Amino acid sequence: MAVLMETTLGDLIIDCFVRERPRCSMNFIKLCKKKYYNLNQFHSIEKNYVAQTGDPTGTGKGGESVYSDMYGEQGRYFEREDLPKMRHTRMGIVSFVNNGDNMLGSQFFITLGENLDYLDDQHTIFGQVTEGLETLEKLNEQLTDTNNKPFRDIRISHTIVLDDPFDDDSRVSYPPRSPSPTYEMLIKTDQIALDEKEDEDEGKTAEEIAEELQQREMAEQAQILEMVGDLRDADEVPPENVLFVCKLNPVTTDEDLEIIFSRFGKINNCEIVRDRRSGDSLQYAFIEFDNPKSCEQAFFKMDNVLIDDRRIHVDFSQSVSQNYKYKPKSNNVEPRKRQNSPPRRNETKRSHQKSPSPRRRRHSPSPKRDRKRDERREPEKRRRSPESRRDRDRDRGHRENYRDRNGRDNHRDSDRDRRRNDRSPDRRRDRR
């Protein structure tokens, strides 16, 4: 009259009260025998109260008794057994859940506390846990959400009937093996997996934990640099064949450095970083080898070596700028000339035609602006009186020396006018 129930937290042995609760005991033993409880989840755990399971749907609203196989839909639930009276007085009491109207199905719970008297008149006790109290303590320590659902995916992995006093009914089918987990169970993401540890640092040394934290911080910084545009890709890594050299003497040149490091292998590029304006050395350089092996040999051999009275320091490059650096072309190679190619935009010949003058900006009519414009055009009208204008016209008519529109002197024209006036009849009469 006992059942071994294997869970993901440990094993439980449940003894059934066959004499006091025959129908409940038969229902529980036969459901365990037909593997109905396999892979069922503990969908509700309340600390120091109960741990509920027995629903294949994991919602707390499903499940059916073994009598449904015998009597069909009407046997999905069966009536509870009240006598004799039993009480929930200690940890490990197993009871069927009341589904309403004193009807029982397949869901059951295990008490995790003591003196739970308010459960006596509502639910039906049919067994107790005789072995595996440490498993109940683990269940009691699980963290849950506001709906009492544990964050960890805790399930009944297997059930084995140790003693069955009831005869097997031909209407109930018993599978030859336990059911396999479904695809939905394997890809479940809202809970901690069955084989996943709650504490990620469990079983690790302090050095391993510090290294993981450092790698995590580096990944976070790389993502930040990608968002601000300093990196093209957060997963980008620096080249393995580039060596970083610092603490150089300012007098050390690129050629000297290349000659010193060339004994480790072929060097593709050796460049000392210099100031853009002054051209002075910033006392660090990047050396690109042909293969990573040569770079590794230089790293182990050249650290703290004396060069030009300075002890240098070498390390593997952490810069990714070499991945996008454009190498200049050699000076010996002449650029290829374009043949029969259309001229560029800036090489197009300009036309000799004058460009149209820009259109003048039109202003809205203003009396004050028009008056000022007239004053600028005829300033003498504003400065002189009518008498002065008459004198000016008279003087202008008798002026002898003046220039015409083309800048030529008109002395002859003035003399001709004077002689013509002398020949007039009025002038002759005055002479007589």
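How many salt bridges does a search of the whole structure find? The search finds 13 salt bridges, a salt bridge being a side-chain nitrogen of Lys or Arg within 4 Å of a carboxyl oxygen of Asp or Glu. The model is predicted, so that local features need pLDDT of at least 70 and side-chain atom pairs count only at pLDDT 80 or more, whereas totals for chains, interfaces and linings use all residues. Residues are numbered from 1 along each chain as its sequence is written, and side-chain values use heavy atoms, with hydrogens and water left out.

Asp69 pairs with Lys34 in a salt bridge whose closest N and O atoms are 2.5 Å apart. Because Asp69 lies in helix α2 and Lys34 in the loop between α1 and β3 (44–45), this pair ties together parts that are 35 residues apart in sequence; helices (H or I, at least four residues) and strands (E, at least two) are DSSP runs, numbered from the N terminus. Lys34 is buried, at 18% relative accessible area, while Asp69 is partly exposed, at 28% (buried, under 20% relative accessible area; exposed, over 50%; partly exposed, in between; 1.4 Å probe, protein chains only). A salt bridge also joins Arg80 to Asp82, with 2.8 Å between the closest N and O atoms; Arg80 is buried at 14% and Asp82 partly exposed at 38%. Lys30, Lys33, Asp164 and Asp168 form a network of salt bridges.

The largest nonpolar core comprises 36 residues, such a core being a set of buried Ala, Val, Leu, Ile, Met, Phe, Trp, Tyr and Cys residues joined through side-chain atoms within 4.5 Å. Phe28, Tyr37, Phe96, Phe108, Phe126 and Leu139 have the most contacts inside this core. Elements that each supply at least two of its residues include β1 (2–7), β7 (103–111) and α3 (133–140), and the largest share, six residues, comes from α1. Another core, of 18 residues, lies apart from it and has Ile272, Ile287, Phe289 and Ile312 among its members.

Thr53, in strand β4 (residues 50–53), is buried at 0% relative accessibility. Its side chain reaches the backbone oxygen of Gln41 at 3.1 Å. Not counting residues up to four places away in sequence, Thr53 touches Asn40, Gln41, Phe42, His43, Gln107, Phe108 and Ile156 (heavy atoms within 4.5 Å).

Val228, located in helix α5 (residues 206–228), is exposed at 56% relative accessibility. Together, Ile224, Leu225, Met227 and Val228 make a nonpolar surface patch of about 420 Å² (residues with over 30% relative accessible area and no salt bridge, nonpolar side chains being joined within 5 Å and like charges within 9 Å).

Technical notes:
Polar contact = N/O pair within 3.5 Å; in protein donor to acceptor, adjacent residues only side chain to side chain. Areas by Shrake-Rupley, 256 points an atom, 1.4 Å probe, with all protein chains shown as cover.
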